[in-house]
Amino acid sequence: MKALVLHELHAPLRFESVPDPAQGDDIQIVKLQAASLNHRDLWITKGLYPGIILPTILGSCGCGMIGDRQVVINPNIDWGDEPKVQSAAFHILGLKTKGTFAEQIAIPTDRIHDAPVHFSAEESATLPLSGLTAYRATMVKAKIEKTDKVLISGIGGGVALFAAQFALATGAEVWATSSSISKLVMATKLGIVGTANYKDADWSKGLAAKAGLFDVIIDSAAGDGFNDLVKLAAPAARIVIYGGGAGKINQLNPQAIFWKQLNIMGSTMGNDEEFSEMLSFVNQHKIKPVIDEVFPLKEGNAALQKMQEASQFGKIVLRIEG
């Protein structure tokens, strides 16, 4: 079969022939139709991820066929028995375990789920990592309800968009931030009621004047800008952090946290039960993923370059024809 293989860091993936995967006890072969990119894939190519083992086939998210059954793959490997937190053995499909940037994949039967019936293969491929991360952050940790006012930071990325869509599905009032005017415009077309450009001077004061304070804030950046999010949080607000793209948080004022009685929570991926719940939620609310662009598998390096440029609004997908 053909696959995109990472042989060395800071080098392009190679589109090459590799051995077909082998079926075994409780191991199924999925003929992949589509895979989606995550920032994790880009970070691995740059050596910015722990435990890198080369060569590897990247890709955490995929949709494909087992016979006439269309399936999506749960990318959790060895979450463990504690639903609240992953085990020490936990890892994500695409590193240590070969991933979805290939024509076929061998995967344990318990990782396989029916794809949403109203999705194309490309749409289903967007779900596993981003959808699960967004579901745990919004529905499990923040427990968003229709009475909440919600702020999503960095709208345009896959997790942020799913988080916004999940929050909107509950009936909550959703606002978003970005540094891109075009992304803010596109966000309003999803039903987001208002936006703010976090590159503007005193943006948080301007947003507070328009929107008031927020009951829930879902953040992927951290960094010094997190201080503005604390200012925007209402008393007893829930702030969930699922990423740290902007780095460490400096000069955070603890008084604002304890005096407002804030709940600040970290969230990573989600357990197997939450993966099933996420798929049910998507089916129930007929949520449609936002796809930015679809590339053929052999053009995976061009897809990674687009992710590097951070110009996308929605998921970047690889179409697989094998």
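A: **The sheet and its surroundings**

In this predicted model, Ala222 is buried, with a relative accessible area of 10%. That value lies below the cut-off for burial, which is under 20%. Ala222 sits in the loop between β13 and α7 (226-232), and its phi is near 60°, a positive value in a residue other than glycine. Most residues other than glycine have a negative phi.

The loop that holds Ala222 leads away from β13, and β13 is one of six strands that form an open sheet. The strand order is β12-β11-β10-β13-β14-β15, and the pairing is parallel. Strands β12 (194-197) and β15 (263-266) stand at the edges; each has a single partner strand, so one side of each is left without a neighbour in the sheet. From one strand to the next, the twist averages 15°.

Strand β11 (residues 173-178) is joined to β12 by four bridges, and the two run parallel. Ser178 has Asn197 in β12 as its bridge partner. Helix α4 (residues 158-169) packs on the sheet, where it touches β10 (149-152), β11 and β13 (214-219). The direction of α4 makes about 170° with that of β10, an angle that counts as roughly antiparallel because it is over 145 degrees.

Val185 lies in helix α5 (residues 181-188) and is partly exposed, with a relative accessible area of 44%. The C-alpha atoms of Val185 and Thr195 are separated by 8.4 Å, although these residues are 10 apart along the chain. Asp202 lies in the loop between β12 and α6 (203-211). Phi of Asp202 is near 55°, again a positive value in a residue other than glycine. Asp202 is exposed, with a relative accessible area of 55%, whereas Ala222 is buried.

Other parts of the model provide context. The axes of helix α3 (residues 128-141) and helix α9 (residues 272-285) come within 9 Å and cross at roughly 90°. On the α3 side, the contact comprises Pro128, Gly131, Leu132, Tyr135, Arg136, Met139 and Val140, which meet Glu274, Phe275, Glu277, Met278 and Phe281 in α9. The residues of this contact divide into eight nonpolar, one polar and three charged.

Helix α10 (residues 300-309) has Gly300, Ala303, Leu304, Lys306 and Met307 buried. Seen down the axis of α10, these buried residues fall within an arc of 155°, so they line one face of the helix. They pack against β1 (2-5), α1 (39-45), β16 (291-296) and β17 (315-319). Just after α10, Ala310 takes a positive phi of about 60°.

A contrast in pairing is provided by strand β3 (residues 27-36), which is joined to β8 by five bridges and runs antiparallel to that strand. Ile27 stands opposite Pro108 in β8. Strand β8 (residues 104-108) has a covered face, Ile105 and Ile107, and an uncovered one to which Pro108 belongs, together with Gln104 and Ala106.

Conventions
Residues numbered from 1 in each chain as written. Predicted model: local features only at pLDDT ≥ 70, side-chain atom pairs only at ≥ 80, totals over all residues. Heavy atoms only, no water. Buried < 20%, exposed > 50% of the residue type's maximum accessible area, 1.4 Å probe, protein only. Arc of directions from axis to C-beta. Contact = heavy atoms within 4.5 Å. Pairing = 2+ DSSP bridges. Axes fitted to C-alpha atoms, helices over the stretch in contact; angles between N-to-C directions. Nonpolar A, V, L, I, M, F, W, Y, C, P; charged D, E, K, R; others polar.
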